[in-house]
Amino acid sequence: MYRNRVQYYLSQRRKGNFSTFKNGLIITFGATLVAVSLQLFLVKNYVIDGGVVGLSIILSHVFHVDVGALILLMNLPFLVAGFFFLGGRFLVLSLFASTVLAGETYILAPFEEVTNHPLLIIILGGLLLGMGVGLIIRFGGCLDGTEVLAILFSERLPLTIGQCILIMNTFIFGSSVFLFGITEAAYSLATFFVAYKTIDTIIMET
């Protein structure tokens with residue numbers, strides 16, 4: 001799964017067919033889907049995703065800070081590091097995606113969650129999240145700096161990219177058990193699976 005995503009990032013760097021308007025418009029739509037998933041399905045139901053998004057959800061509950069702003073701030077060092085591997089276009093589009101997400105999560109924050117039903121949260125929240133992140137990746141950006149970090153670690157440690165991300169996500173999901181409970185952690189893992197299968201489906205349809 002993660003190898004395919006990283007290969008896709010690298011392939012985008014080499015592609016010459018690029019439209020600033022088209023990519024920006026679709027990335028905006030993708031960030032909107034992510035914002036809807038986070039604020040209307042996941043965050044208020046104590047369901048998290050993996051990586052920077054999941055860690056930001058946890059910290060937003062602990063410190064009562066907007067989740068979108070946390071995603072933007074926490075992604076910055078990873079995206080700057082990614083600039084050296086994936087180029088300036090990747091950095092600009094990723095910062096744009098994170099900024100749009102931060103603004104839209106702030107706008108949607110006052111609204112109540114759409115549902116409290118676990119199955120709907122997992123399926124709808126996971127699908128919206130996966131579609132949004134997948135579109136952002138497919139059109140040149142990134143919302144999760146941990147994948148960039150995993151690339152850097154895998155170059156220097158005897159670990160694959162997938163193993164690096166698994167270690168980081170084990171810590172994140174493990175923390176959610178203590179903060180939110182075992183039931184919410186189980187919902188989070190199920191949502192994570194739905195989201196990431198959706199992401200891979202979108203980015204591999206080229």
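This is a predicted model: local features need pLDDT of at least 70, side-chain atom pairs count only at pLDDT 80 or more; totals for chains, interfaces and linings use all residues.

Analyst: Helix α6 has 21 residues, and the distance from its first C-alpha to its last is 29 Å, close to the 30 Å expected at 1.5 Å a residue. The helix covers residues 118-138. Just after α6, Gly 140 has a positive phi of about 105°.

The buried side of the account comes next. The buried residues of α6 include Ile 121, Ile 122, Leu 129, Val 133, Leu 135, Ile 136 and Ile 137. Glycines are on that list as well: Gly 125, Gly 126, Gly 130, Gly 132 and Gly 134 are buried residues of α6.

Other residues form a patch on the surface. Leu 119, Leu 120, Ile 123, Leu 124, Leu 127 and Met 131 make up this nonpolar patch, and together they have about 470 Å² of accessible area. Leu 124, one of the patch residues, lies in α6. Its relative accessible area is 37%, and Leu 124 is therefore partly exposed: the value falls between the 20% limit for buried and the 50% limit for exposed. In soluble globular proteins, nonpolar side chains tend to be buried together.

Val 194 is 70 residues away from Leu 124 along the chain, yet their C-alpha atoms are separated by 9.1 Å.

Helix α9 runs over residues 182-203. Its 22 residues should span 32 Å at 1.5 Å a residue, and its end C-alpha atoms are 32 Å apart, which agrees. Among the buried residues of α9 are Ala 185, Phe 192, Ala 195, Tyr 196, Ile 199, Ile 202 and Ile 203. Ser 188, Thr 191, Thr 198 and Asp 200 are also buried there.

The largest nonpolar core has 41 residues, of which Leu 38 and Leu 101 touch the most other members. Helices α6 and α9 each supply at least two residues of this core, as do α2, α3, α4, α5 and α8. Helix α2 gives the most, with nine residues. Leaving aside neighbours within four places in sequence, Leu 101 is in contact with Ala 31, Val 34, Ala 35, Leu 38, Gly 68, Ile 71 and Leu 143. Apart from this core lies another, of six residues, among them Leu 86, Leu 91, Cys 142 and Val 148.

Conventions
Residues are numbered from 1 along each chain as its sequence is written. Side-chain values use heavy atoms; hydrogens and water are left out. Patches are made of residues with over 30% relative accessible area and no salt bridge: like charges are joined within 9 Å, nonpolar side chains (Val, Leu, Ile, Met, Phe, Trp, Tyr) within 5 Å. Accessible areas come from the Shrake-Rupley method with a 1.4 Å probe; for residues, only the protein chains shown count as cover. A salt bridge is a side-chain nitrogen of Lys or Arg within 4 Å of a carboxyl oxygen of Asp or Glu. Helices (H or I, at least four residues) and strands (E, at least two) are DSSP runs, numbered from the N terminus. Buried means under 20% relative accessible area, exposed over 50%, partly exposed in between (1.4 Å probe, protein chains only). A nonpolar core is a set of buried Ala, Val, Leu, Ile, Met, Phe, Trp, Tyr and Cys residues joined through side-chain atoms within 4.5 Å. Contact means heavy atoms within 4.5 Å. The expected span of a helix is 1.5 Å times one less than its number of residues.
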